Amino acid sequence: MHCVPRVTLVALTLVSPTEPDVSRLARRMKQLRAKRGLTYEQLAEASGLSRRGVIALETGERGGTVATWFKVSHALGVSSAEFFGVLD
C-alpha cells in the first residue's frame with residue numbers, strides 16, 4: 001500500500017504591504033505584466049481577481065494571500081518558484 005502525502009495550502013496573509021517581500025513581489029508582478037504586454041484588465045481576467053485587486057497588489061497597497069500570489073504567477077505564465085524568487 002502506497003501512502004500519498006496530502007498537501008494543504010493554507011491561505012496566509014502577508015503581514016504588511018510595506019514588508020520588503022511584498023514590495024519585491026509587487027515589482028516582480030509589474031515587470032512580468034509589462035514584459036508580457038498585459039493590461040490590468042487582462043491580468044485580472046486571467047487570474048480571477050478584480051482589476052482593483054490587481055492594481056492594489058502591484059502597487060503594494062495590499063499584501064495579498066499566498067493563494068492570491070499563486071494565481072498571479074500562474075496568470076503571468078511563470079512557475080510559483082520562479083515568481084517567488086526560489087529559482088533566482
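Tutor: Let us begin with burial: a residue is buried under 20% relative accessible area, exposed over 50% and partly exposed in between, using a 1.4 Å probe and protein chains only. Helices are DSSP runs of H or I with at least four residues, numbered from the N terminus. The model is predicted, so local features need pLDDT of at least 70 and side-chain atom pairs count only at pLDDT 80 or more, while totals for chains, interfaces and linings use all residues. Residues are numbered from 1 along each chain as its sequence is written, and side-chain values use heavy atoms, with hydrogens and water left out.

Student: Which residues of helix α3 are buried?

Tutor: In α3, which covers residues 51-59, the buried residues are Gly53, Val54, Ile55, Ala56, Leu57 and Glu58. Threonine 59, which also lies in α3, is exposed, with a relative accessible area of 52%. Just after this helix, glycine 60 takes a positive phi of about 80°.

Student: How should I read a pair of aromatic rings?

Tutor: A pair of aromatic rings is described by the distance of the centres and the angle of the planes. Rings of Phe, Tyr and Trp (its six-membered ring) pair if their centres lie within 6.5 Å, and planes under 30 degrees apart count as stacked, over 60 as edge-to-face and the rest as tilted. By this rule the count comes to three aromatic pairs. Phenylalanine 70 and phenylalanine 84 form one that is edge-to-face, with 5.4 Å from centre to centre and 65° between the planes. This pair links distant parts of the chain, 14 residues apart, since phenylalanine 70 is in helix α4 and phenylalanine 84 in the segment after α5 (80-83). Ring pairs link Trp69, Phe70, Phe83 and Phe84 into a cluster.

Student: Are phenylalanine 70 and phenylalanine 84 buried, exposed or partly exposed?

Tutor: Phenylalanine 70 counts as partly exposed at 30% relative accessibility, and phenylalanine 84 is partly exposed with a relative accessible area of 22%.

Student: At what angle do helices α2 and α4 pack?

Tutor: Axes are lines fitted to C-alpha atoms, for helices over the stretch in contact, and angles run from 0 to 180 degrees between N-to-C directions. Helix α2 (residues 40-47) and α4 pack at about 115°, with their axes 8 Å apart. The contact, meaning heavy atoms within 4.5 Å, is made by Leu43, Ala46 and Ser47 of α2 and Lys71, Val72 and Ala75 of α4.

Terms used
Helix = DSSP H or I, 4+ residues; strand = E, 2+ residues; numbered from the N terminus.
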